[in-house]
Amino acid sequence: MLITNELVSQLINIMGLLSMVTIVSLALILTSKMERLKQLQFEAEKLKKSLEEMDEQAKLIVRTDMELNKTQEELDKKITGLYALQRLSRAVSTTLEENQIFKMIEAPYFEDLGFEKACAFLWNDKEKKFIDHINIGYLKDETETIKRLLDSERDIYSDLIKNARTISSISLIKDLDLKEKITEIFQVNSFVISPILPKEGDKGLFFVGTESVDTTIDEGDEELITILSNQLGQALENARLFEKTWRAHQELEQKVDERTRELTSAVDEIKKVSKRKSDFISAVSHELRTPLTSIKGYASILLTGKLGDIPQDVRERLDKINRHSDELVHLVNDLLDISRIESGGVTMKRETQELRYIVGYAFDLLSGQIKEKQLHFSFDIPDNANSVFVDHSQIERVFINLISNAIKFTPAQGTIIIRSYKMDKEIQVDIVDTGCGIPEKDRETIFEEFYRVDNTINETVKGTGLGLTLVKRIIEAHNGKIWVKSKEGSGSTFSFTLPQPV
């Protein structure tokens, strides 16, 4: 029995130990489970947080995608608008007629810009009203109503033109009254109005609008319409400038035609007068020759004494008659020669001649006058500028006249030089003197008939004023030209050209 109690006691002890072990084991298991549970809760929170972050990222992606789509739509709209603006610009720049510019602007251009209505008005200052030039999306009576309402509110729209101000349904947020007026007048929901401003002439307004509530207008639309209205203004300015230039050209052509006819008539009249003058001079000269010949003949007979002795004072007067008769004969001959050359009555017998020989002949003829004034006379005629293709006798007269002039106006112990130069197809001759020179006011007129320079030498030395005229006619008959360079008090240089032998 005692063994049994001990056994029971041991069993109890063993069971107690087993219970303790079980409790400890359960405690350990529970602790492990709790730790696992905490870890699972932590991972769950972490997963929840990740899911929330993914949700935010998904929302951001959606928002970004929507914004990108909106931006893409706006960009597409702007690109379409720019293409439409480019086509419009090209269209209005293809004409320089003002009435054709607005006809180039058609509805499809504005559809690409997102507007179904458009109109343009120019203010006519003479009639004091707006004139319509573009009408897209409106009936005729609607346009008339718009014009009437614009005229009634002209101060508002004149201010837009004056201040070069563009307005739209988005820029008038603070001015709702004006916005409502415009939307009511033009029967639209959104709009842009921009001034048309050429530098000259009528100015006006360009309007675009839409009835659609889904179509939004932004600053890009304002900018596009402003650019278009500026280009319209430039096109109008170019057309008006062209019209002005064309009219000026037409007026100028008309004036030129009228002036040409007047000048042609005047030239014809001058030719007639010149011919009458030449004919008159020729006739008078011929008529003068006969009495002059008789006068000179009778004077010469009387001077010989064949009709009896004559007193000394009578002889002196007869000498004057004879001398003056010679001067008149010389004058008549010069007049006849000028008249014949002008009328083509003198045929130039051109042959190859040597300038040295012609100048030498003129020098021999005038050597007495040259020695009397103790003048230094020389000439420089090189071999390559010696031969000329001229009428010998006529060119001798040219040199005699020009050298005589140089002798007359060159003071004692002065210098006269003759030089020649070879040009392309001509020979240029210069006759240089150290005389009194020619005043500037007389240089253009000294070749005119009977013109004499007003100086002390001409007051004392007689002359007809025909020598240089005759020289000019002879040179021109050889297809040459003559001119003079001079400085008053420092001498003169007469230059002329003559043809070379072929």
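The exercises below, each with a worked solution, concern a predicted model.

**Exercise 1.** Determine whether Gln 428 is buried or exposed, and describe its surroundings.

*Solution.* Begin with the secondary structure, where Gln 428 is found in strand β10, which covers residues 426-433. Next, take the relative accessibility of Gln 428, which is 15%; because buried means under 20% relative accessible area, Gln 428 counts as buried. Then turn to the neighbours: leaving aside residues up to four places away in sequence, Gln 428 touches several residues, among them Tyr 421, Trp 483 and Phe 496. Finally, a polar contact of 3.1 Å joins the side chain of Gln 428 to the side chain of Asp 430.

**Exercise 2.** Work out which elements are linked by the salt bridge between Asp 132 and Lys 147, and how accessible each partner is.

*Solution.* First, the closest N and O atoms of Asp 132 and Lys 147 are 3.2 Å apart. The pair links distant parts of the chain, since Asp 132 belongs to strand β2 (residues 129-136) and Lys 147, 15 residues apart from it, to helix α4 (residues 140-152). As for accessibility, Asp 132 is partly exposed at 26%, whereas Lys 147 is buried at 15%.

**Exercise 3.** Locate the salt bridge between Glu 243 and Arg 247 relative to the helix that holds both residues.

*Solution.* The side chains of Glu 243 and Arg 247 meet at 2.8 Å, N to O. Both residues lie in helix α7 (residues 219-304), four residues apart, which is about one turn of the helix. In an α-helix, residues three or four places apart point the same way, because there are 3.6 residues a turn. Glu 243 itself is partly exposed, at 31% relative accessibility.

Methods:
Residues are numbered from 1 along each chain as its sequence is written. This is a predicted model: local features need pLDDT of at least 70, side-chain atom pairs count only at pLDDT 80 or more; totals for chains, interfaces and linings use all residues. Side-chain values use heavy atoms; hydrogens and water are left out. Helices (H or I, at least four residues) and strands (E, at least two) are DSSP runs, numbered from the N terminus. Buried means under 20% relative accessible area, exposed over 50%, partly exposed in between (1.4 Å probe, protein chains only). A polar contact is a pair of N or O atoms within 3.5 Å; within protein, one must be able to donate a hydrogen and the other to accept it, and residues adjacent in sequence count only if both atoms are side-chain atoms. Contact means heavy atoms within 4.5 Å. A salt bridge is a side-chain nitrogen of Lys or Arg within 4 Å of a carboxyl oxygen of Asp or Glu.
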